[in-house]
Amino acid sequence: MSFAEIQQKAGRSWDRFQSGETPRVLVGAATCGRAAGAMEVMRAFQQGCAADTTLTPIEIHEVGCLGMCYAEPLIEIRGPAGDRVLYESVTPAMVPDLIQIHLGQGRPVAEHALCRMLPQEHSDNGEHIPGFTDLPMIRHQLRIVVRNCGFIDPTDIDHYIARGGYSGIVRAMELGPEATIEEIKLSGLRGRGGAGFPTGLKWSFARKASGNPKYVICNADEGDPGAFMDRSVLESDPHAVLEGLLIAGYAIGANHGYVYCRAEYPLALERLRTGIAQMRANGLLGEDILGSGFGFDVTIKMGAGAFVCGEETSLMQSIEGRRGMPRPRPPFPAHAGLFGKPTNINNVETLAAVSAILEKSGAWYAGIGTEKSKGTKTFSLAGKITRTGLIEVPMGISLRTIIEDIGGGVLDGKGFKAVQTGGPSGGCVPAKHYDLPVDYEHLAQVGSIMGSGGMIVIDKESCMVDVAKYFLGFTENESCGKCVPCRMGTQHLLRLLTAIADGQADENDLETIRMIGDTMKKASLCGLGQTAPNPALTTLDAFMDEYLVHIRDHRCPAGVCKALISFAIDPKSCTGCMACAKVCPVEAITGSKKQPHVVDQQTCIRCGACRQACKFGAVLVE
Amino acid sequence: MATTQRTEIATIDMAEILKNHGHSRDNLIPLLQDIQEHLNYLSPEAISRVADHLGLSENDVYGVATFYAQFRFHPPGRHRIKVCQGTACHVRGGGMVLDAISRKIGIVPGETSPDGNFSLERVACFGSCALPPVVVVDDTVYGRMTARKTEKLIEDLE
């Protein structure tokens, strides 16, 4: 079949999916949706629709993630009148109403509705439901990498093709490998895995390298705690990534690709397997792709749980069946990579952008973003933020816009303190930089990094010493142990931060932290060790006061560090509801009904369960 | 004798699994993953068979297997409880949830309860950071957990 015929077939399938002929239910069933109960809701729709004989047959589809994770489970319903409405926080109990009123009578249920999917469709019957693009979380976004996420069925290749998919590889084949690389150079795309190296340049190194065979690898080992962009894209639009890998292979002259994906992402792995089988069935993989003479195949390698395997030289060791330990560079992977052959590695998000760039043109992509940081970047918003989720915004947008306008501000109005960007390799950006434009250069200026794009919002109830200690605990655990600066450095930093959190440190320890941190930055073998001290160093710079209070006054101002706090109950605001006593795991809280309760300091383990359970703010931290 | 039975099952599966993988070294991790998928852990016998199949020393196979967090060398409990300790979960009380489960079933992360009912693991991040804290029980992901909700979940499992 020619590509034009494949496109026609896909177009028909997409038209059928989009047309209003059959009422339908779309279930946001990526991992976040599932964790919030999407599958129970889907079963309720299946049973409810089957039981209601008055309904015309209803189509029920799983789709990926729209990025509005805070409102999961998200269900889109197209009723018999053609209204497409997205419902938020749907529970099985709400399903009978949605079936009867929207699918049965064709009237949207305004009280559960989040938005209409198309702003112009159908007049409101008195009730107001905003349009999708009017939502504050969506309005500032520009969706390129996540262009299809939540809109298409990720298990149906026709949907991807009908929305422009695989025309990127077709265009690349028309241009030829050299001009394809030029197109990527023109776009200004920089690696979205974190370091931001120009993608076109990386490709040209691998193209020029001598050696046979050559390999391309998709790095889907998203180990950064707090980041889930890659998972979301793989689960919601696997073909965007696979097409990018195919283009990369064609451009550098590789006939074999690997996708190295974490075992912790079972759904992403399943979607990739399905995607690869569909590519093969459509002649987009194999010996002679679309009659071009170019042959390409893909193997999935499942990661086995090691953060350091996100580092390219470690990742290749892991594919080869060894301990995933980095090796010094040069030689760079472009010259001697996997099995000693020229290899090109790109991250999931980079490859998803590549397929869009080849489809639309490099000049188009270069028109977005800032002078040195082109295009868009996806971020996962998490932590103490009202609207958690996955977003994609043009480079150069301010932190304030991301957190206040898109994310809805700090959770429960508790005040913005800092945002941790770039995961364990990144740093904390304090409130004074709230108006910072977000791009590679500006984040570096304030001592942090873009990283893969995790953003953890920290409010005034979080302790910065605790945050630094948390990250060092992570990197100490994940250090592969090959080089001394990283192995010993992470251990010592963790020991010092723990001493501070326990109130057993002195001010000289702060100097020691800086000294060890600087040594690790200069002397570690790979990015893990070079960046591991960043959370400690950036919090020391921006939150010195907080460190000093821990050291001098043996106090944790945020009320987090267990060794320095105690809980007490304010008798004035305690109603004696007994909620705290019920949740206390060690029975440290006593008191009779409707009488103020008391915490026994000897028994209390400072777990904080009582504070979480109290609805009256009566549990005080001292 | 449950233990004997388990070994027998393992022997039957193993030949079948080994047949599906080639003899070059890059098959090592997929092979270990495949075995663990069927056997739930890597027994000393499994390690020895893998070493033979790939022409490596057992030492070498253990060296790789112990490097990665995914591999277990003891049978897990009937219910596997995994608690996410990612950044988002940490700032929203993931540590509290882990402590509560640990107290509830009386084991620390990495252990299996003496009755074989539960094993407890801490996981670096599941990537469900928008719904913290996250707990995964037998492959079902539970978001927005609290210590109390998790305790109830475990009571229901019992």
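## Aromatic pairs

Tyr166(A) is buried, with a relative accessible area of 0%. Here buried means under 20% relative accessible area, exposed means over 50%, and partly exposed lies in between (1.4 Å probe, protein chains only). Tyr160(A) also counts as buried, at 1% relative accessibility. This is a predicted model: local features need pLDDT of at least 70, side-chain atom pairs count only at pLDDT 80 or more, and totals for chains, interfaces and linings use all residues. Residues are numbered from 1 along each chain as its sequence is written, chains are lettered from A and ligands numbered from 1 in the order in which they are written, and side-chain values use heavy atoms, with hydrogens and water left out.

Over all chains, the whole structure has 14 aromatic pairs. Rings of Phe, Tyr and Trp (its six-membered ring) pair if their centres lie within 6.5 Å; planes under 30 degrees apart count as stacked, over 60 as edge-to-face and the rest as tilted. The ring centres of Tyr160(A) and Tyr166(A) are 5.3 Å apart and their planes stand at 85°, so this pair is edge-to-face. Chain B has an edge-to-face pair too, Phe67(B) with Tyr68(B), at 5.1 Å between centres and 80° between planes. Both Phe67(B) and Tyr68(B) are buried. In chain A, ring pairs also link Tyr215(A), Tyr258(A) and Phe339(A) into a cluster.

## Chain B in outline

Chain B has seven helices and four strands. Helices (H or I, at least four residues) and strands (E, at least two) are DSSP runs, numbered from the N terminus. Their order from the N terminus is α-α-α-α-β-α-α-β-β-β-α. Along the principal axes, the C-alpha atoms fill a box of roughly 50 × 35 × 25 Å.

Of the 158 residues in chain B, 52% are buried. Contact means heavy atoms within 4.5 Å. Among the chain B contacts with a separation of 6 or more, 60% are between residues 24 or more positions apart. The accessible surface of chain B is about 7300 Å², and carbon and sulfur atoms hold 50% of that area. Accessible areas come from the Shrake-Rupley method with a 1.4 Å probe; for residues, only the protein chains shown count as cover.

## Salt bridges

The structure holds 32 salt bridges over all chains. In each, a side-chain nitrogen of Lys or Arg is within 4 Å of a carboxyl oxygen of Asp or Glu. Arg171(A) bridges to Glu183(A), with the closest N and O atoms 3.1 Å apart. That pair joins helix H7 (residues 167-175) to helix H8 (residues 177-187) of chain A, across 12 residues. Arg171(A) is partly exposed at 22%, whereas Glu183(A) is buried at 11%.

Helix H8 takes part again through Glu178(A). Glu178(A) forms a salt bridge with Arg207(A) (3.2 Å, N to O). Arg207(A) lies in helix H9 of chain A, so the bridge ties together parts 29 residues apart in sequence. Elsewhere, Glu264(A) and Arg262(A) meet at 3.5 Å, N to O. Glu264(A) is partly exposed at 23%, and Arg262(A) is buried at 5%. Shared partners also join Arg34(A), Glu62(A), Glu270(A) and Arg271(A) into one network of salt bridges.

Helix H4 (residues 95-104) has several buried residues, among them Val95(A), Leu98(A) and Ile101(A). Their cover includes strand S1 (24-28), helix H3 (38-51), strand S3 (75-78) and strand S4 (84-87). Just after H4(A), Gly106(A) has a positive phi of about 75°.

Helix H9 (residues 199-208) contains Leu201(A). Leu201(A) is partly exposed at 33%. Together with Phe197(A) and Phe205(A), Leu201(A) forms a nonpolar surface patch of about 240 Å² accessible area. Patches are made of residues with over 30% relative accessible area and no salt bridge: like charges are joined within 9 Å, nonpolar side chains (Val, Leu, Ile, Met, Phe, Trp, Tyr) within 5 Å.

## Two loop residues

Lys384(A) sits in the loop between strand S10 (376-383) and strand S11 (389-394). Lys384(A) is buried at 11%. Beyond neighbours within four places in sequence, the contacts of Lys384(A) include Val410(A), Asp459(A), Val91(B) and Arg92(B). With Asp459(A), Lys384(A) makes a side-chain polar contact of 3.3 Å. A polar contact is a pair of N or O atoms within 3.5 Å; within protein, one must be able to donate a hydrogen and the other to accept it, and residues adjacent in sequence count only if both atoms are side-chain atoms.

Val446(A) is in the loop between helix H17 (440-445) and strand S14 (454-459). Val446(A) is buried at 18%. Leaving out residues up to four places away, Val446(A) touches Val429(A), His433(A) and Leu436(A).
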